[in-house]
Amino acid sequence: MTDSQTPSGAGAATDEAPVTATAAANAPSAQATGGRSFLPKSTLLRHLLVLVVCAVGAVILLESTSPFRNSQFATLSYYAIAAGGLTLLTGLNGQISLGHGALMAVGAYTTALMLDVERGEDPLPLPLILLLAALAATVVGAIVGVAAARLHGPYLAGATLALAVGLPGLAIYFHDTFGGEQGMTVRAPRAPEWFTSFIDTVSGNPASGTKWLAYVGVVCLLITYFFLANLVRSRIGRTWRAVRDQDVAAELAGINLGTWRVLAFTVSACAAGLAGGVLAIVVRLAAPSGFTLVLSLSLLTAIVLGGLGSLLGALLGSALLVFLPPFVTDLGTEWGLNSTEAAQLAPFVYGVVLVAAMLFAPAGFVGTIRMRWLTMRAKRAMAASAGSTSRG
Amino acid sequence: MGPLAQPPPHPGSQPHEHRTPTSRLELSGISVAFGGVTALSDVSLTVEPGQVHGLIGPNGAGKTTLFNVACGLVRPSAGTITWRGEQLRRLQPSKLTRLGIARTLQGVGLFPGLTVLENVMVGAHRHAKAGFFSALVALPASDADERRLRERAGAALAELGAEGYAGRYPGSLPYPVQKRVALARALVAEPDLLLLDEPASGLSEDEMHELGDLIRSVCTRMSVLLVEHHMDLVMRVCDRITVLDSGKQIAAGTPAEVQADPAVTEAYLGDDVDVEADAAALTGHPTRTDGGRTHG
């Protein structure tokens with residue numbers, strides 16, 4: 001019996017870490033490791049606690065930074081919402097999508113159409129509009145997902161690539177409704193009264209339109225991540241990972257592969273739609289040029305850099321995507337480059353970071369840190385048990 | 001001594017009631033052709049409730065094909081599959097567990113990105129009650145469901161003496177332990193019929209012995225169809241054996257009957273070897289308990 005209780009041998013230090021890089025950033029679903037925790041046992045309470053802490057953190061962050069930073073956080077929020085959905089699809093379920101930019105376009109155009117009302121008329125309430133944007137993308141995502149569930153690897157990439165290239169073309173084709181190449185200007189909704197008084201009591205900062213949009217983005221981000229985190233840590237997330245890892249074995253366990261793949265695609269599309277809605281009101285424009293393949297690829301690089309399958313990773317990857325280029329550009333101008341050269345430096349540095357990450361941390365930020373941590377914990381446990389045997 | 005030999009530990013906490021198996025699997029007149037090549041022709045076998053049925057034969061005899069027919073991965077070109085008195089047609093692999101059939105894969109087929117406990121929890125999929133929306137909003141029902149699945153999985157791991165590995169990832173475990181986890185994953189579904197595809201491959205003699213004890217202990221709850229080429233294991237645990245050679249059924253019966261059948265000896269040994277010595281190896285095992293390996 002002893003051999004099953006005390007794992008030993010040379011490889012023991014890394015035994016507790018997952019072997020594959022894909023799985024490195026996936027924390028096991030709720031308490032599946034049986035580890036101790038000071039957080040509440042109930043998933044709902046635990047996630048609500050984290051949500052409240054993050055909300056307070058976000059208010060502090062947004063109130064202590066400049067309006068320019070506020071607008072960057074608004075940008076971050078829509079990237080992170082879409083990346084969160086994508087990391088669930090690609091990281092947890094193993095389906096690649098190059099078409100998430102197009103799904104964001106569905107959300108953005110829905111929002112633009114809903115806000116495009118005659119002067120004097122009131123548009124629908126903003127939460128409802130964003131919900132409809134998410135819903136529209138969910139429907140499109142479900143349809144695409146049904147097709148995608150039968151495809152794998154490069155074929156799936158090809159099919160979703162067609163979506164990324166084709167769907168914005170629809171906006172040009174139906175230019176009377178969607179405004180063609182120029183796109184639709186979005187009349188961003190004004191900040192309501194209660195928001196102005198809220199900001200006034202919290203910090204006394206002026207409650208500008210930018211600030212309102214940053215808050216809208218961050219609130220959407222927190223709500224999305226709350227729901228996604230619930231799914232990731234539940235049976236749903238575990239089943240997705242099982243389908244990703246070994247489809248034959250999953251099927252024999254009674255899992256209908258198609259259903260679960262479509263479900264993942266649909267959930268992911270819903271997040272992309274909401275991200276598109278937020279993008280539309282933050283950028284104040286829904287145009288085909290905003291939803292090119294580059295957007296879809298940026299989302300993919302963000303989740304890979306952050307650590308596939310991890311929501312925190314998706315957030316960090318998106319942050320890199322949003323904050324690194326301006327940072328590098330500023331650095332370039334400081335070093336005496338002219339503005340064009342400085343702007344060209346940013347994509348180069350991003351590329352270098354991407355290559356370096358793939359070389360030295362293929363599991364992404366979160367995956368690498370998690371593997372290190374598990375290894376360290378295992379080593380400490382081994383040292384402790386070695387200590388006790390030598391004493392005894 | 002490995003942990004497999006232990007009896008199921010805490011009978012009180014085991015989620016499964018003590019059921020007497022009543023379901024029968026009948027394959028009759030099964031033929032399978034892969035693009036003109038006949039893999040199986042007119043094979044029939046019946047797995048009686050609560051019995052361990054062995055399926056043996058030389059390499060390429062069609063054991064795995066028949067096995068795949070039984071679980072719907074391969075559709076036969078002729079013949080019928082009857083399970084619990086009803087004919088099975090167009091069987092989707094994912095519907096198997098709902099019908100009370102579980103199978104293990106040749107090799108291991110564990111999910112590398114899931115911990116051992118999670119792997120087994122996936123096996124309990126058909127016992128999950130909470131749906132998508134209760135998971136989405138993390139309702140207490142979802143937590144309660146997870147707890148139930150975790151307990152089931154824990155009990156299954158304990159039955160196989162693998163509970164110490166619950167938090168580990170399968171890739172870091174020795175092969176025999178992985179096999180135990182895979183078996184736990186099949187058992188946690190609480191099937192009425194367990195299909196085991198070469199469960200002993202890669203196991204040492206001792207571990208194989210423990211596996212035999214385990215199979216005998218689970219057949220009080222379910223029927224077992226076993227594909228295996230380790231003759232000593234098959235002879236020791238099976239109630240009935242079907243022997244295939246080149247897609248045809250050449251013998252069927254109790255282990256003693258099969259061993260006595262000259263067609264079996266011939267199929268296994270051919271003509272150009274020392275028939276007597278190898279036949280002794282084939283028949284010498286049922287009473288052995290020292291676990292020594294004699295055939296080679």
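In the predicted model, B:Val120 is in contact with B:Ala153, B:Ala156, B:Leu157, B:Val181, B:Ala184, B:Arg185 and B:Val188, when its neighbours within four places in sequence are left aside. B:Val120 also belongs to the largest nonpolar core, which has 199 residues. Together with A:Ala82, B:Val120 has the most contacts inside this core. The largest share of the core, 17 residues, is supplied by helix 12 of chain A, which spans residues 257–283.

Chain B is divided into two parts: domain 1 takes in residues 23–100 and 191–289, while domain 2 covers residues 112–189. The centres of these two domains of chain B, taken over C-alpha atoms, are separated by 28 Å. Contacts between the domains of chain B involve nine residues of domain 1 and nine residues of domain 2. On the domain 1 side, the residues that touch domain 2 of chain B comprise five nonpolar, two polar and two charged residues.

Between the chains, 47 residues of chain A are in contact with 45 residues of chain B. Several helices of chain A each supply at least two residues to the side that touches chain B: helix 1 (2–5), helix 2 (43–63), helix 9 (209–232), helix 10 (235–245) and helix 11 (247–252). Helix 10 of chain A provides the largest share of this side, with seven residues. Sorted by class, the side of chain A that touches chain B has 20 nonpolar, 19 polar and eight charged residues.

Methods: Residues numbered from 1 in each chain as written. Chains lettered and ligands numbered in written order. Predicted model: local features only at pLDDT ≥ 70, side-chain atom pairs only at ≥ 80, totals over all residues. Core = buried A, V, L, I, M, F, W, Y, C linked by C-beta atoms within 7 Å. Buried ≥ 20, exposed ≤ 12 C-beta atoms within 10 Å, placed from the backbone. Helix = DSSP H or I, 4+ residues; strand = E, 2+ residues; numbered from the N terminus. Contact = placed C-beta atoms within 7 Å. Domains from an automatic or database assignment. Nonpolar A, V, L, I, M, F, W, Y, C, P; charged D, E, K, R; others polar.
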